[in-house]
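The entries follow in the order I looked things up.

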Amino acid sequence: MKQSMKAAIKWLQERGGSCAVARVKGGGRIFLAAGEAAPFLPITAKNLIEAGLAEYVDENGRKSARFRLIEPAASAAIGG
């Protein structure tokens with residue numbers, strides 16, 4: 001597992017395991033939790049999803065409104 005993935009899991013766990021996904025100008029995305037912007041890029045989120053450690057969650061018909069870890073797989077992946 002890449003170091004960036006481990007750091008993203010730890011950051012999310014410290015903030016409750018999920019975050020909001022906000023779209024920005026130019027079509028990009030940022031991840032927000034506990035009033036902070038996540039220190040990881042969307043490619044890291046994609047890698048976590050492909051590894052089965054996280055998922056996007058649709059809320060009220062809004063595509064990819066939230067991003068969350070899948071526990072206990074995420075904890076096991078970082079040895080916690």
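Entry 1, Phe-40. I began here and noted that Phe-40 is buried, with a relative accessible area of 9%. I kept in mind that the model is a predicted one.

I looked up the ring pairs and found five of them in the structure. In one, the ring centres of Trp-11 and Phe-40 are 6.0 Å apart and the planes stand at 80°, so I wrote this pair down as edge-to-face. I then checked where the two residues sit: Trp-11 is in helix 1 (residues 3-13), and Phe-40 is in the loop between strand 3 (36-37) and helix 2 (42-50), so the pair ties together parts 29 residues apart in sequence. Trp-11 is buried as well, at 8% relative accessibility. Which residues do the ring pairs link into a cluster? I listed Trp-11, Phe-31, Phe-40, Tyr-56 and Phe-67. Tyr-56 has a further entry, as Arg-29 lies over the face of its ring, 5.2 Å from the ring centre.

I placed Thr-44 in helix 2. Is Thr-44 buried or exposed? It is buried, at a relative accessible area of 6%. Setting aside neighbours within four places in sequence, I found Thr-44 in contact with Ser-4, Met-5 and Ala-8.

Entry 4, salt bridges. I counted four salt bridges. One joins the side chains of Arg-15 and Glu-36, at 3.1 Å from N to O. This pair links distant parts of the chain, with Arg-15 in the loop between helix 1 and strand 1 (18-23) and Glu-36 in strand 3, 21 residues apart. Glu-36 is partly exposed, at 36% relative accessible area.

Another salt bridge runs from Lys-46 to Glu-50, whose closest N and O atoms are 3.8 Å apart. Both residues are in helix 2, and being four residues apart they are separated by about one helical turn. I have Lys-46 as partly exposed at 44% and Glu-50 as exposed at 56%.

Arg-68 and Glu-55 also meet through their side chains in a salt bridge, at 2.6 Å from N to O. Arg-68 is in strand 5 and Glu-55 in strand 4, so the pair ties together parts 13 residues apart in sequence. Arg-68 is partly exposed at 37%, and Glu-55 is partly exposed at 27%. I also noted that salt bridges with shared partners join Glu-14, Arg-15 and Glu-36 into one network.

I found a nonpolar patch on the surface formed by Val-24, Ile-30 and Leu-32, with about 200 Å² of accessible area together. Leu-32 belongs to strand 2 (residues 29-33) and is partly exposed, at 36% relative accessibility.

Where is the cis peptide bond? I found it from Glu-71 to Pro-72, with omega near 5°. Pro-72 is in the loop between strand 5 (62-69) and helix 3 (73-77). Ala-34 has a positive phi of about 50°, although it is not a glycine. I placed Ala-34 in the loop between strand 2 and strand 3, where it is exposed at 64% relative accessible area.

I located Ala-51 in the loop between helix 2 and strand 4 (54-59), and it counts as partly exposed at 44%. From C-alpha to C-alpha, Ala-51 and Pro-39 are 19 Å apart in space, and they are 12 residues apart in sequence.

Terms used. Residues numbered from 1 in each chain as written. Predicted model: local features only at pLDDT ≥ 70, side-chain atom pairs only at ≥ 80, totals over all residues. Heavy atoms only, no water. Phe/Tyr/Trp six-rings, centres within 6.5 Å; stacked < 30°, edge-to-face > 60°. Buried < 20%, exposed > 50% of the residue type's maximum accessible area, 1.4 Å probe, protein only. Lys NZ or Arg CZ within 6 Å of the ring centre and 35° of its normal. Contact = heavy atoms within 4.5 Å. Patch = residues over 30% accessible without salt bridge, like charges linked within 9 Å, V, L, I, M, F, W, Y side chains within 5 Å. Areas by Shrake-Rupley, 256 points an atom, 1.4 Å probe, with all protein chains shown as cover.
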